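Biologist: Can you walk me through this one? I'll ask as I go.

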Amino acid sequence: MSRSIRRVPLDFDWPQNKVWEGYLTPDKFNEIPCPDCTHGSDHPTGYSAEANAIYKTFYPHQIVHAGAWPGAHEHAQRLAWCDKLGQAEVDMLVEEGRLRTLVRREPTDDNPRNWEWGTAPRTAAEVNAANKPGAGFGGDLDHDSINHMLLARFRCKQLGITLECGSCGGECGTEAYPGQRAEAEAWEATEPPVGDGWQLWETVSEGSPISPVFPAADDLARWMSDPERGTQWVPHATAAKFIADGWAPSAVSSPETGLVSGAEWVGHHSEQ
Ligand SMILES: [Zn+2]
């Protein structure tokens with residue numbers, strides 16, 4: 001958990017461990033979910049029914065649950081098209097910089113490597129073979145969610161199928177009031193107010209206070225170094241150094257110290 005020191009007003013009373021409201025997109029920006037493109041799922045997809053049929057049949061598991069009935073798995077594998085691409089589709093992926101693999105390069109004075117990541121022409125047969133059931137995971141030619149999306153769009157384009165839902169235009173929702181979308185785009189997070197107090201915050205989530213507000217830096221250092229804090233305890237000098245530096249990562253590992261809290265690490269380095 002990363003932590004930071006903030007200067008807030010002495011009477012700042014936002015609850016501890018609760019994300020500061022200024023960091024959260026207000027509920028008033030929630031749009032009315034489009035009812036016409038859920039296509040049986042819990043959320044709008046933004047796709048037309050025609051595009052959805054292409055998108056949702058790419059992988060076998062999208063078609064039917066493997067154990068739905070005897071032979072369901074094999075049935076789904078026969079219909080799914082993740083391993084049944086045409087050459088034009090593979091060419092499109094290569095053009096888009098997908099299916100990257102190690103390709104040869106001429107070594108230069110500043111770079112002696114004779115390989116680099118790049119794209120090379122591929123046959124549909126080799127790409128399909130790499131994506132067949134049982135071909136293993138993690139290879140250069142495996143499809144990821146980006147390939148999936150590009151391929152579905154490409155099929156729609158080739159077939160003259162409109163990609164987006166006709167009701168929401170692919171936005172997945174409609175404005176709850178005129179101008180809502182523009183307002184949401186213009187919205188910016190607001191920082192907590194600034195003042196004379198000292199407070200410890202965690203910044204892994206959007207950001208929330210995790211200590212009381214203290215009138216002096218040393219009061220906060222004393223609180224951080226109170227043995228009552230158990231595993232969160234740090235030596236007083238370490239806490240004081242952390243506060244002076246203003247920021248430390250949550251946990252740091254180095255050969256000399258092993259894994260220690262970020263505040264301890266800052267202290268350790270200050271002794272060197
Ligand atoms: Zn829609």
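Biologist: Where is Asn17?
Modeller: Asn17 is in the loop between strand S1 (3–8) and S2. Helices (H or I, at least four residues) and strands (E, at least two) are DSSP runs, numbered from the N terminus. This is a predicted model: local features need pLDDT of at least 70, side-chain atom pairs count only at pLDDT 80 or more, and totals for chains, interfaces and linings use all residues. Residues are numbered from 1 along each chain as its sequence is written, and side-chain values use heavy atoms, with hydrogens and water left out.

Biologist: What is phi of Asn17 near?
Modeller: Near 65°, a positive value in a residue other than glycine.

Biologist: Is Asn17 buried or exposed?
Modeller: Asn17 is exposed, with a relative accessible area of 62%. Buried means under 20% relative accessible area, exposed over 50%, and partly exposed in between (1.4 Å probe, protein chains only).

Biologist: And His39, what is its phi near?
Modeller: His39 has a positive phi near 50°, and is not a glycine. His39 is in the loop between S2 and H1. At 29% relative accessibility, His39 counts as partly exposed.

Biologist: On to the metal. Which residues are the protein donors of the zinc ion?
Modeller: Cys34, Cys37, Cys165 and Cys168, each through SG, lying 2.3 Å from the zinc ion. Donors are N, O and S atoms within 2.8 Å of the metal (3.2 Å for Na, K and Ca); water is not among the atoms, so sites may look incomplete.

Biologist: How are the donor residues spaced in sequence?
Modeller: As C-x2-C-x127-C-x2-C. The pair Cys37 and Cys168 links distant parts of the chain, 131 residues apart. Cys37 is in the loop between strand S2 (32–33) and helix H1 (49–55). Cys168 is in the loop between helix H6 (145–159) and strand S5 (173–174). Cys37 and Cys168 are both buried.

Biologist: What geometry does the zinc site have?
Modeller: Tetrahedral, with angles of 105 to 115° among its four donor atoms. Four donors count as tetrahedral if all angles lie between 85 and 135 degrees; four count as square planar and six as octahedral if opposite donors are over 155 degrees apart and all others between 65 and 115; anything else is irregular.

Biologist: Switching to H6. Which residues there are buried?
Modeller: Asn147, His148, Leu150, Leu151, Ala152, Phe154 and Cys156. The buried residues of H6 pack against H1, helix H2 (60–63) and helix H4 (87–95).

Biologist: Last one. What is the mean pLDDT of the protein?
Modeller: The mean is 87, and 90% of its residues reach 70 or more. pLDDT is the predictor's confidence in each residue, from 0 to 100. Over residues 268–272 pLDDT stays under 50.

Methods. Contact means heavy atoms within 4.5 Å.
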